Amino acid sequence: MIQIKNLSAGYGGKAVVKNVSLDFLPGEVLALLGPNGSGKSTLLKAALGLLQAMEGEVLYDGTEIRRMKRKEIAQKAAFLTQSRNTPSIQALRMVLHGRFPYLSYPRRYCKQDYAIARRAMDATGSREHENTDVTCLSGGQRQSVYLAMALAQETQTVFMDEPTTYLDINRRFQTMQTARTLAKEGRAVVLVLHDLPLALREADRIAVFEQGVLLCCDKPEAVFESGVTERVFGVGVHRVDTHHGAQYYCTAKEV
């Protein structure tokens with residue numbers, strides 16, 4: 001389990017995330033919500049050791065992240081980044097990059113690595129593109145390939161920074177279903193999302209940030225009832241109970 005304790009982190013000596021404490025629990029989908037610039041992506045980078053904490057600590061199964069090697073961290077947590085370069089490479093070869101933490105140099109893939117990579121592509125609906133150059137894929141198709149690369153890393157925690165970007169509505173649902181499947185397998189899944197109704201419907205817990213401060217972290221129903229999302233996002237948030245469970249939607253706030 002990854003634990004964040006009293007963490008402050010940022011850039012150029014200025015804290016973007018301020019005194020945040022948060023646990024990423026196995027078997028749970030945790031959605032991080034907040035306006036642009038509220039510290040969500042910064043928090044993920046600090047949790048992965050990509051950004052050094054100014055204060056506080058990050059613990060991986062009780063071990064402080066500063067005492068861990070990059071390879072050790074990569075074997076415990078995978079990261080689907082928000083933005084990335086698009087190299088000219090076959091999709092399957094890209095997904096195989098997720099196996100790097102388990103390979104020594106020079107990297108040589110075995111049959112098991114290929115099997116794991118193809119299973120990951122099956123899970124994200126990208127298997128049909130395995131022989132296609134990534135540069136020839138649409139934005140949504142590329143996103144599915146990058147998600148497969150994160151899954152191929154086979155870690156106990158998966159961080160996703162805006163994983164539904166570029167995806168059509170069907171792929172958005174598939175991505176959340178994948179997140180739920182990973183959680184059912186006992187993994188901790190942490191997503192930065194801007195789709196508020198999707199987060200309220202699919203997450204087990206929701207953490208709401210504003211200006212680098214964690215305002216609350218609770219079950220979706222409790223977060224909805226608190227009204228914090230309406231205040232932070234400046235929209236009306238509504239719930240309708242259906243035979244498929246609670247459904248949420250947003251409207252412009254009345255002036």
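The legends below describe close-up views of a predicted model.

**View 1. Helix 4 and helix 5 pack against each other in a right-handed crossing.**
Helix 4, which spans residues 111-124, and helix 5, which spans residues 139-152, pack at an angle of about 135 degrees, and their axes are 8 Å apart. The two helices are therefore oblique to each other, since an angle would have to be over 145 degrees to count as roughly antiparallel. On the side of helix 4 the contact is made by Ile116, Ala117, Ala120, Met121, Ala123 and Thr124, and on the side of helix 5 by Ser144, Leu147, Ala148, Leu151 and Ala152. Sorted by class, this contact has nine nonpolar residues, two polar residues and no charged ones.

**View 2. Helix 5 also meets helix 6, which covers residues 169-184.**
The axes of helix 5 and helix 6 come within 12 Å and cross at roughly 5 degrees, which makes the two helices roughly parallel. Gly140, Ser144, Leu147 and Leu151 of helix 5 meet Arg171, Thr175, Thr178 and Leu182 of helix 6. By class, the contact has three nonpolar, four polar and one charged residues.

**View 3. His129 sits in the loop that lies between helix 4 and helix 5.**
With a relative accessibility of 11%, His129 counts as buried, because the limit for that class is under 20%. When its neighbours within four places in sequence are left aside, His129 is in contact with Ala91, Leu137 and Gln141.

**View 4. Helix 1, made up of residues 40-47, is mostly covered.**
Seven of the eight residues of helix 1 are buried, namely Lys40, Ser41, Thr42, Leu43, Leu44, Ala46 and Ala47. Just after helix 1, Gly49 takes a positive phi of about 80 degrees.

**View 5. Lys71 belongs to helix 2, which runs over residues 70-74.**
Lys71 has a relative accessible area of 40% and is thus partly exposed. Apart from neighbours within four places in sequence, Lys71 is in contact with Pro101, Tyr102, Leu103 and Ser104. Asp23 is 48 residues from Lys71 along the chain, and the C-alpha atoms of these two residues are separated by 22 Å.

**View 6. A cis peptide bond joins Tyr105 and Pro106.**
The omega angle of this bond is about 0 degrees. Pro106 has its place in the loop between helix 3, residues 91-96, and helix 4.

**View 7. Asn6 and Asp61 are residues other than glycine with a positive phi.**
The phi of Asn6, a residue of strand 1 (residues 2-11), is near 50 degrees. With a relative accessible area of 44%, Asn6 is partly exposed. For Asp61, phi is likewise near 50 degrees, and this residue has its place in the loop between strand 4 (55-60) and strand 5 (63-64). At 51% relative accessibility, Asp61 counts as exposed, because that class begins over 50%.

Definitions and conventions
Residues numbered from 1 in each chain as written. Predicted model: local features only at pLDDT ≥ 70, side-chain atom pairs only at ≥ 80, totals over all residues. Heavy atoms only, no water. Axes fitted to C-alpha atoms, helices over the stretch in contact; angles between N-to-C directions. Helix = DSSP H or I, 4+ residues; strand = E, 2+ residues; numbered from the N terminus. Parallel < 35°, antiparallel > 145°, perpendicular 65-115°, else oblique. Left-handed = near helix turned anticlockwise from the far one by under 90°. Contact = heavy atoms within 4.5 Å. Nonpolar A, V, L, I, M, F, W, Y, C, P; charged D, E, K, R; others polar. Buried < 20%, exposed > 50% of the residue type's maximum accessible area, 1.4 Å probe, protein only.
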